[in-house]
Amino acid sequence: MAKKKQPRRTKRQTTRRRTRRGKTSAFHQRGLVFLCIFFVLLIAAGIFCYVYPEYPRKWKEELRELTHAESNTSSSLPSSSETPASETPFPETSFPDSRQTERSENDKPPGKGNYSWPTEGYKELELTYLRQTRREQVIRHTGFTVSYNEHWRLPNWVGYELTREKTGGKAKRQARFLKDPHVKGICALHGDYTKSGYDRGHMAAAADMAWSEQAMKESFYLSNVCPQHPDLNRRKWKELEDKVRDWAVADSAIVIVCGPVVADRCETIGKNAISVPYQFFKVILSPYTDPPRAIGFLFDNQRATGDLINYAVTVDSVERVTGLNFFSSLPDEIEELVETMLDPMAWGI
């Protein structure tokens, strides 16, 4: 039987068939290119996360904070009898012994009328209010109080009273910095600072805690430590710490509050992404002298070699830079007096 002859395609049909094949081939080629680009970006992202593990954690925290802020905004507003969250003195506050501290206007000593300068009796002058929304866990240790910021892995502030009697302590200095067991959430570790180029800078000075073995140990908790430039930590910061002990001996008792100033976007160190401050502050109050006096200091986190007087400022100036409210337990008149004065000669600098 003769084989049936296939009809011959016309030239137009052949051209259409070839065009369809060309379009299909081009589509597959583009798809292959996009797939290759996708896998290259995926590999690059994996390498970036491996080399810089702190960034994914930071982005995750920022997203969580943003989500939390949006949920708070969408929630119903409090009634007039309730206190808004932004006015709560110590948000997320906890203490090792499970005791909470609440302060109200009724706790503040009366500030009206004539009075003589007090010689004793103030309580908790080191406690400091946050004027800005910021993470805070307030922990009372043996010799100092720390307001810990988990987002920074640093303290917001560290405060304590140093008396003449406490300056004569003989407790042995610790050899290693420790994780604070009372911190809720992420805390810095000793290794986060290793080979970072920064010192583990004490906020509450270890030498100020030599009056107690336990206080000395707790001063080496990393909740009391910030990344400090070596030529700040070992020079002017140390010189100021030595001055503070001299002032405590001369005035019988002084109150110290100090801490970091951290930018919204900052350098971080270590696997736990410890924020690196761009400045440090320290404010000192001598509440029982006649008249009471106070002074503030601001240091850039870099080499510091000038005289201490070059870093001296009013306490009000430090409050504006840090968003903190110091010494609010003082009567209004005394608080206003000491926070606006700047008399370096009275401090011997």
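Biologist: How many bridges join strand 7 to strand 10, and which way do the two run?

Modeller: Strands here are DSSP runs of E, at least two residues long, and helices are runs of H or I of at least four, numbered from the N terminus. Strand 7 (residues 253-261) and strand 10 (residues 279-286) are antiparallel, joined by seven bridges. One example: C258 has K282 in strand 10 as its bridge partner. Keep in mind that this is a predicted model, where local features need pLDDT of at least 70, side-chain atom pairs count only at pLDDT 80 or more, and totals for chains, interfaces and linings use all residues. Residues are numbered from 1 along each chain as its sequence is written, and side-chain values use heavy atoms, leaving out hydrogens and water.

Biologist: What packs on the sheet?

Modeller: Helix 4 does, touching strand 4 (154-163), strand 7, strand 10 and strand 11 (293-300); touching means heavy atoms within 4.5 Å. Its direction makes about 10° with that of strand 10, using lines fitted to C-alpha atoms (for helices, over the stretch in contact) and N-to-C angles from 0 to 180 degrees.

Biologist: Which element gives the most to the lining of the second largest pocket?

Modeller: Rolling a probe the size of a water molecule over the atoms shows where empty space is left. A pocket is an open set of points on a 1 Å grid over the protein atoms alone, where a 1.4 Å probe fits, with protein on both sides within 12 Å along at least five of seven lines; lining residues have an atom within 4 Å of a point. Helix 4 gives the most here, with seven residues. The lining has 14 residues, with R173, H202, N233, K238 and E241 nearest the pocket's centre.

How values were computed: Two strands pair if DSSP finds at least two bridges between them.
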